[in-house]
Amino acid sequence: MHFPHCQDSIECTTIPNPETRSLGNDAGRETDRMPGARGAAFLYTCLELSARFRSVAVTCVLAANLLLAGSIVCPAKEANQNVTARKDVLVLLPENLGFEGQMDFVQILRKELDVPDQVDLHVEALDLMRLKNSENDEKFARIYRTKYENVKMDVVVAGQRPVLEFLLNHRKDLFPGVPIVFGIVPKDIPAPTQKYPGVTGVVEPLHFERTLDLALALQPETKKVVLIAGSSPRDKWLGWIAREQIKPYENRVQVEYWEGPTPEEANERLNRLSADTIVCYVVEYSDHLGRSYSGLQYLERIAPHSPVPIYGFVSSYVGHGAIGGYVYDPQDEAKKIATQVKSILAGKNPDDLPVLEGNMYTAVDWRELRRWRIPESRVPAGARVEFREPPVWRKYSYYFWAIAGFVALETALVLLMLAQIKRKNRAQRMLERRFAIERVAAQCAERLAHCPAQAVDHEIQKALEAVLEAEKADRGIWVTVDADGELAGERFLALRDKGEDAKICERAEVPWIMGQVSGGNPVSISSLEQLPEAAGLDRTNLDAKGIQSMVVVPSGMDTEGRGALVLLSKTPGRVWPNPLVARLGMIGSLFGNAVGRRRAEQQLREKQEWLDLALEASMTALWELDVRTGRVRWSQRQSTLLGKEPVELEASYQKFLELIPEEDREDLHRRALALLTNKEGDDAIVTEWRFHEPGGAIRWLLFRGQVFRDERGKPLRLRGVNVDITDLKQAKMQLTQLTERLIRAQEDERQRLARDLHDDIGQRLSLLIIGLDRLKHELSMEMRREREQVAVALDEASALATDIHALSHQLHSAKLQHLGLKSALRELCSQMSRQHAIEVELFTGTSPWVVTAEKSLCLYRVAQEALKNAAKHSGSSKIEVGLEALHGMLQLRVRDNGRGFDVSNYEPGLGLASMRERMRMVGGTLEIHSARGQGTEIMTRVEVSVVVQSASAD
């Protein structure tokens, strides 16, 4: 839709492709056409001088074309003979190629139709603006019939509506049957395409009201609209369309129509317009004086002088004075025309091809928006903003970047040189500081390594003063900080100003710094502002003490805490780089190691004193046997334990054995030899041995030793202790005797109580029961209430007699004494089953045995206590009791299926302790096996004599 202009006259020309000079006959044919085109163009130029010579000009143009027709037809005929497969397309333009948009339209067609490879493109320009009339139409038709008599056109492209009308009027004798593709025809004006077959094309949906909508959106204060159109028939025709489309807006704004004003008249009238007016320029190809223009020429002559914005509907107007409008896309229209042409060349029927619509869009000129101070925010969404000028820095970016690069390079070189000088000076100063610290560290290491423990504090103080002098700091501190950040252990303070009254800060004053030290993190700041927000209290207290910069270097952790070397300076800006901090940390570690060595030596002395005191108080002697040398060392206490005069503290193994009494010497030697030769199993030896003192008293010693082996299992040494356990032995013996007497006294008391209950209280209860029964029978039947009370009392007395009888048997079983252990256990199991509603089973072996009364009583009491515990605590439903003789041992086993308990984690009660003590008295053993959820088993063993056959032996 490049051509919003359709005027009169005709120009015949064929446009050659610049690339066709190397294409043989095709290039020659187009080149042959050029003289005629040039001659016609020259004649048109001459004849434009005056409108009076238009008829003469038409005659001359026709004569020139007739004279040149012969020179054009023959080469064309030869070319058609040589190339038969190519297509011929004729493009008829309304104006000459110099008119705006005509050449662009042709170039797009050439590109889309693949000219000259596939199509021969013939271009004819009609100067309709000047030469259009009915008389000339017939002459033009004869010229084209003669010119293209021997060329079979495949498609004819009509540039605008006047060209289409020209072709349709002469279709019978000019290109009959050739498909026609038209373009740039307004959609809302009926085209004569419905009367003729073989015609299709592209129409333009002109929307002048959309341009007015844009104007009102950009300038909502508009009150008047001026519509400018020319005086030619086409100008009037487009002006009439515009007036019809904007009629609905006349109730909103005042509309004024200017028809055919000259540029001078238009400028004069524009200058009188108010600021609330806008101008809508339709097109003006001719003014009322008959002068002709292109639409763009006229706009360029009035736009610079207009005091108000001008809107248009052609895309080429945007950028040449028009602020914008709802415009059509000429490139899109040319591509769509080319698409229609290619479809027809491909064999499609033009009647089957639909008439396409051109593409229109809203466009504004960014420069005009700036000129009229219209904010870009008013531009409707989706509108194209064209000619946006880039910023100055982007427009001249290459220069800016070049200058900036040069300046940056020079600046970088200067800064680099200054930085190198500064770095060199800083490195030199740092090197001097490091050398000074290295000297202090070397001297400190040498002195602290060789000084005695009591001189460590003095050497640390001297070294701390040397560090203070080397670093030119005001205060030097070395402290020990525990895990909570509190000061612990030693504290050292060195001051540059000896008269200054200063003390070491506690955690409450610098909590954040102490927290960093306890975590092992160094702190180095050149000013208090570098402390984080969490260290606000630290900053306040340090500032109050005049401290401006500091370094805190923690060292390793020991049992007392973590050491920390602190240097404080009242001068701000003091910097401690990481390499220097590392050297200070090394010095702090030297201090910590020296203090640790002093503490270790002090603790060693204290432990030695405690060890001597413990050995003395516990009557313990230490000894060691070196297996490789056969030498034995022991402590001084060994001779005292043996009741002999002090001897040497090291001797041979044989001499060591001579110190042991003869009755235990062989046993101890045998055990030690077995332990040393045993490569698997326990490497510990524990035994007791006794010896007779010169006065005849017996002394007991506990011998405890441990074998130490190398990686191959070979014994290296045997270390152990001898502990005087004479007093313990005597105490245990006395306790055992006392326990035995208590148990025997308990059994005697049980027997006495059982006898009293059975012989005295039991008989008396029997008499009471007989009396109550007699009383019940003597009462008359009318004394029903009294008889019931007596019956209740009789039942209570009977139950009491039964309980007393059972208690008597629990205290002392007569069956155990008279019938033996089996019968007593059988009665016990039956009684427990009845009392607790638990199934109790007794299993006895068939082998006869002989057991003493003391052992029978012991086993009976163990079974009685085990059954009572199972019924009371286990929650079991079944209890098994087994009694049998195996290998000279009588074994008693009591097992339940209850909840069980953890044997490794329980506190034995009085019952279990009593069972163990009873078994110990008779020389037996007691074992307890239990686990949670798996029940409990108690097993005892005691030696008995097995006989061959005895029916009564238990």
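The lining of the largest cavity comprises 15 nonpolar residues and two charged residues, with no polar ones. The structure described here is a predicted model. In total, 17 residues line this cavity, and those nearest its centre are Ile477, Cys505, Val510, Met514 and Val566. Several secondary-structure elements contribute to the lining: at least two residues each come from β14 (475–481), α16 (511–518), β17 (549–557) and β18 (562–569). The greatest contribution is that of β14, which provides four residues. The space within the largest cavity amounts to about 190 Å³. Seven cavities of 30 Å³ or more were counted in the model.

In general, the strands of a sheet are paired by backbone hydrogen bonds, in either a parallel or an antiparallel manner. Here, five strands are arranged in the order β25-β27-β28-β30-β29, with mixed pairing. Strands β25 (839–844) and β29 (925–930) form the edges, each pairing on one side only. On average, neighbouring strands of the sheet are turned by 10° against each other, direction ignored. Eight bridges connect β28 (residues 889–896) with β30 (residues 936–943), and this pairing is antiparallel. Gln891 is placed opposite Arg941 of β30.

Two helices accompany these strands. Helix α25 (residues 821–836) lies across β25, β27 (878–886) and β28, and runs at about 165° to β25. Helix α26 (residues 853–874) packs on the sheet and touches β25, β27, β28, β29 and β30. The direction of α26 makes about 10° with that of β28.

Note on methods
Residues numbered from 1 in each chain as written. Predicted model: local features only at pLDDT ≥ 70, side-chain atom pairs only at ≥ 80, totals over all residues. Heavy atoms only, no water. Pairing = 2+ DSSP bridges. Axes fitted to C-alpha atoms, helices over the stretch in contact; angles between N-to-C directions. Contact = heavy atoms within 4.5 Å. 1 Å grid on protein atoms, 1.4 Å probe; cavity = no way out; pocket = protein on both sides within 12 Å on 5 of 7 lines; lining within 4 Å. Points joined across faces, edges and corners; volume = space filled by probe spheres on them. Nonpolar A, V, L, I, M, F, W, Y, C, P; charged D, E, K, R; others polar.
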